[in-house]
Amino acid sequence: MELSTVLPWVIFTVFVLGVLALDLGVFHRKSHAVSIREAIAWSAVWISLALIFNAVVYWWKGPEPALEYFTAYVIEKSLSVDNIFVFVLIFSAFRVPAAFQHRVLYWGILGAFVMRAIMIGIGAALIVRFHWIIYVFGFFLIYTGIKIAVQKEEDSVHIDDNPLVKLVRRRFAMTSDYQGEKFYIRDAAGNVVLTPLVLVLIVIETSDLIFAVDSIPAVFAVTHDPFIVYTSNVFAILGLRALYFLLAGVIDRFYYLRPALAVILTFVGVKMVVSEWVKIPIVASLSVILGVLLLAVLASVIRARRLGPAADVLPDPRAFPPIEEPEEPGNGAS
């Protein structure tokens, strides 16, 4: 592989790792509950970085790839809202204190980078070698869109049925309570004892893997360039934590967002299936996606003003009181 092909991947990866190091090592070095104001500020930072990179793509590759990147980013950003529904349910089920949620999402998203890079590489290779895989992706997205439309979010989260959670609980010693922000401690004999925060991280990681199976094929409907697919994914994931803390307490008010995501996935799936015979311009695709999202948000706002919050609102996981630090000795590490 030529240096000119590898170099952009290396530079981008180094940039992302540097940003993440600053995030946890400097700006969020001390665990704390993320405020709405802080979430707004960080959301603005991540969106600005994504748009700046969009300008870089325009300068480097031209207007068409830049438009593909922006459309892919909008798709990933909108689909990440579905992650937030699930994260709310996960943190609520485990009663994770607000101060520890950012740390769990940080490590969860770091793992998501690796998983998505592997899946994008596999997807790109499959499309190059087997063109018919496009139709498989397309029909899968249509199926997923229909599934989202008819399935309640809480029905898609089954923590006790997660095989990795069962395995960890069976094979490792675990504390009954959280030990601050630590993923494990050592007992008096020096043995490693895991904390429930590890289980939360496992469920977050497996949930993101499931979401990636939906979102990555959707982006391949926009572009077959693996670099654009990956970078749009990464920037959407980078902003996911801030978006979570911004929307976690009010996500139930956006009543029509999930149906909108179902429509978007179905539209993208249809686009992939008919791509051999009907070429839908990227501008038209972007217009449909933005139009559906805007309509869903406006309809949700109107509904919330008329009816107020739904009776079956999701719990606000940020409202859990902090858990006092245990007195038992032990040195933790992440």
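1. Helix 2 and helix 8 cross in a right-handed manner, where right-handed means that the near helix is turned clockwise from the far one by less than a right angle, and left-handed anticlockwise. The model is a predicted one, in which local features need pLDDT of at least 70 and side-chain atom pairs count only at pLDDT 80 or more, whereas totals for chains, interfaces and linings use all residues. Residues are numbered from 1 along each chain as its sequence is written, and side-chain values use heavy atoms, with hydrogens and water left out.

2. The axes of helix 2 and helix 8 (residues 226–238) come within 9 Å and cross at roughly 165°, which makes helix 2 roughly antiparallel to helix 8 (angles over 145 degrees count as such). On the helix 2 side, the contact (heavy atoms within 4.5 Å) is made by Trp46, Leu49, Ala50, Phe53, Trp60 and Lys61, and on the helix 8 side by Phe227, Ile228, Thr231, Phe235 and Leu238.

3. Helix 2 runs over residues 36–61 and spans 37 Å from its first C-alpha to its last, close to the 38 Å expected at 1.5 Å a residue. Its buried residues (under 20% relative accessible area, 1.4 Å probe, protein chains only) include Trp46, Ala50 and Phe53. Just after helix 2, Gly62 adopts a positive phi of about 115°.

Key
Helix = DSSP H or I, 4+ residues; strand = E, 2+ residues; numbered from the N terminus. Expected span 1.5 Å × (residues − 1). Buried < 20%, exposed > 50% of the residue type's maximum accessible area, 1.4 Å probe, protein only. Axes fitted to C-alpha atoms, helices over the stretch in contact; angles between N-to-C directions. Parallel < 35°, antiparallel > 145°, perpendicular 65-115°, else oblique.
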